[in-house]
Amino acid sequence: MPEFLFKLEGVLGAWLLRLWRSTLRVEANHQPPNGHPCVYALQHRDLLLLTLQRIDCGIAVMVSRSRDGELIARPLARLGFVPVRGSTSRSGSQALKELIQLARDRSLALTPDGPQGPAGSVQPGILQLALLAHIPIIPVVASANRMLQLRSWDRFRLPHPFAKLTASYGPEIRVRSREDFPAAETALRQAWEKLT
């Protein structure tokens, strides 16, 4: 795809998402302040819901280096997020280093069950990031009172216009050593279930 089409997609995509967000009534429970040093852990199904909820908050997010990732990264940057390009399969170690640096002065967000699932799983990258960056993991879930749920592996969710979107943030989960990984993974799964 030519560069000018990527730019156009970024502008139009961000405009449409802002318009969509303007129709929603948004409520956040126990949300930390913007810039809080942490990594938010969200399930892939809630990606759009939480993107709409946290527009212009300056959160750094990991986005795949694929062509599809480019289509996602452009609008995200215009919505005030900081896209970091990489994934578990491509350029993961470089992205991890960049996220650790960004964690000094901004919040991060990852989908530990993405990009391919299974839904609700916790891949070790988020635990490694929390340990190396010395920041807590904060579980978060989102839902809308009226939404479309796709028949994809993650049951991806899209809020209807004029719906009420609710985001719920859980307590911090600390990872102080590799020995904490199993307990932190269990705590994250349990927090998601409780918040849901």
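Guide: A polar contact is a pair of N or O atoms within 3.5 Å; within protein, one atom must be able to donate a hydrogen and the other to accept it. The structure discussed here is a predicted model.

Visitor: Which residue does the side chain of H36 join in a polar contact?

Guide: H36 is found in the loop between β1 (25-29) and β2 (39-41). Leaving aside neighbours within four places in sequence, H36 is in contact with R106, S107, I138 and E172. The side-chain polar contact of H36 spans 3.0 Å, and its partner is E172.

Visitor: How many Å apart in space are H36 and D105, C-alpha to C-alpha?

Guide: In sequence, H36 and D105 are 69 residues apart. In space, the C-alpha to C-alpha separation of H36 and D105 is 8.1 Å.

Visitor: At what angle do helix α5 and helix α6 pack?

Guide: Helix α5 covers residues 125-133 and helix α6 covers residues 181-195. α5 passes α6 in a right-handed crossing. Their axes are 10 Å apart, and the packing angle is about 115°.

Visitor: By class, how many residues in the contact of α5 with α6 are nonpolar?

Guide: From α5, the residues L127, Q128 and L131 meet F181, A184 and E185 of α6. Leu, Phe and Ala count as nonpolar and Glu as charged. One residue of this contact is polar and one is charged, while the number of nonpolar residues is four.

Visitor: Where is the cis peptide bond that involves P118?

Guide: P118 is found in the loop between β5 (108-110) and α5. The peptide bond in question has omega near 5°, and it runs from G117 to P118.

Visitor: Why does D56 count as partly exposed?

Guide: D56 lies in the loop between α2 (47-53) and β3 (60-63). Its phi is near 65°, a positive value in a residue other than glycine. Partly exposed residues fall between the buried limit, under 20% relative accessible area, and the exposed limit, over 50%. D56 therefore counts as partly exposed, because its relative accessibility is 47%.

Visitor: Is H134 buried or exposed?

Guide: The place of H134 is in the loop between α5 and β6 (137-144). H134 is not a glycine, although its phi is positive, at about 60°. A residue is exposed if its relative accessible area is over 50%. Because the relative accessible area of H134 is 68%, this residue is exposed.

Definitions and conventions:
Residues are numbered from 1 along each chain as its sequence is written. This is a predicted model: local features need pLDDT of at least 70, side-chain atom pairs count only at pLDDT 80 or more; totals for chains, interfaces and linings use all residues. Side-chain values use heavy atoms; hydrogens and water are left out. Axes are lines fitted to C-alpha atoms, for helices over the stretch in contact, and angles run from 0 to 180 degrees between N-to-C directions. Helices (H or I, at least four residues) and strands (E, at least two) are DSSP runs, numbered from the N terminus. A crossing is left-handed if the near helix is turned anticlockwise from the far one by less than a right angle, and right-handed if clockwise. Contact means heavy atoms within 4.5 Å. Buried means under 20% relative accessible area, exposed over 50%, partly exposed in between (1.4 Å probe, protein chains only).
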